[in-house]
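User: Please take me through the strands of this model and the surroundings of its ligand.
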Amino acid sequence: MQLTGKSAIVTGASRGIGSAIAIDLAARGALVVVNYNSSAASAQEVVATITSAGGKAIAIKGDVSKLDEANALVKAAIDAYGRLDILVNNAGTTRDTLLMTMKEDDWNTVMDTDLKSVFNCSKAAIRPMIRQRSGRIINISSVVGLSGQAGQSNYAAAKAGVIGFTKSLAREVGSRSITVNAVAPGFIPTALTNVLTNEQKEATMKMTPLGRFGKPEEVAYAVSFLASDEAAFITGVVLTVDGGLVMQ
Ligand SMILES: NC(=O)c1ccc[n+]([C@@H]2O[C@H](COP(=O)([O-])OP(=O)(O)OC[C@H]3O[C@@H](n4cnc5c(N)ncnc54)[C@H](OP(=O)(O)O)[C@@H]3O)[C@@H](O)[C@H]2O)c1
């Protein structure tokens, strides 16, 4: 799958799954914007990894939970590369706790970072994509948005919301040759999942038919496929990349 000359924004690309997505898109020829909020040095390392491999990338700061910063991010990408072909809404966070002890701020932070960010960036990107009569929006959901998870009612609600948003937008913009899909990873070891106990990790592995955790790159390959010309007739799907953990 080649993405030569296509411009792409990956939100939350300073580490973890987002950085793997940015690196894989760039390796296939895409011109990449590595978005970050607070981890400037890590974002610059991702850019350096891409450029030293012969790819093209720039880092752009922006808190995608805020509409004005999402607008500025999309504008900066178009200023840099002249167009926007691929938007990967990857930025996310967790505030895990049982509902009994969940604070309003735990709910709001996860909703803003994991769900409102998808609205913000998609809203900013959709007009230029409609004008181009082409585009790819790929939203990183989670298997938890399909199955639910005790201690993650905020996160599961946000990730289920991402799926509803994906399917609705796919129906709105299909006539303009814009596809909108979701990727739902299972357990991928990153900073986000580091907070889980060994017991929680072992329980998840036991329930995974492939008997192992996934790698960030394995999520990235699914994203690159959905971003490619080869996936032109695929829209509104939720592609699980989870070793069989949640079979739909
Ligand atoms: N790891 C898993 O097992 C797993 C499973 C299913 C789904 N996912 C989803 O995959 C995505 C990536 O997760 P990950 O595991 O790679 O997490 P991670 O290692 O914690 O990385 C999160 C990224 O999001 C960025 N970010 C957070 N808030 C942001 C904001 N307001 N604006 C811009 N960037 C922001 C962070 O950058 P800064 O530090 O610069 O803020 C960081 O680059 C998330 O949507 C997550 O929910 C992960």
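User: Why is strand E5 largely enclosed by the rest of the structure?

Analyst: This is a predicted model, in which local features need pLDDT of at least 70 and side-chain atom pairs count only at pLDDT 80 or more, while totals for chains, interfaces and linings use all residues. Residues are numbered from 1 along each chain as its sequence is written. Strands (E, at least two residues) and helices (H or I, at least four) are DSSP runs numbered from the N terminus, and a residue is buried if 20 or more other C-beta atoms, placed from the backbone, lie within 10 Å of its own, exposed if 12 or fewer, and partly exposed in between. E5 covers residues 135–140 and is largely enclosed because the number of its residues that are buried is 6 of 6.

User: Which residues of E5 are buried on each side?

Analyst: In a regular strand, side chains alternate between the two faces of the sheet. Both faces of E5 are covered, with Gly135, Ile137 and Asn139 buried on one side and, on the other, Arg136, Ile138 and Ile140.

User: Which residue in E6 stands opposite isoleucine 138?

Analyst: Strands pair if DSSP finds at least two bridges between them. E5 pairs with E4 in the parallel sense over 4 bridges, and valine 88 has isoleucine 138 as its bridge partner in E5. Between E4 and E5 the chain passes through H4 in a right-handed β-α-β crossover, where right-handed means that, with the strands pointing away from the viewer, the path from the first strand over the helix to the second runs clockwise. E5 also pairs in parallel with E6 (residues 178–185) over 6 bridges, and there the residue opposite isoleucine 138 is asparagine 181.

User: What is the bridge partner of alanine 8 in E2?

Analyst: E1 (residues 7–10) has both faces covered, and Ala8 is buried along with Val10 on one side. E1 runs parallel to E4 (residues 86–89), joined by 3 bridges, with alanine 8 opposite isoleucine 86. E1 is also parallel to E2 (residues 31–36), through 4 bridges, and in E2 the partner of alanine 8 is valine 32.

User: Which element gives the most residues to the shell around the ligand?

Analyst: The ligand is surrounded by 31 residues (C-beta atom, placed from the backbone, within 6 Å), the closest being Gly12, Gly16, Asn37, Gly92 and Thr190. Two or more residues come from each of H1, E2 and H4 (104–132). With 3 residues, the element that gives the most is H1.
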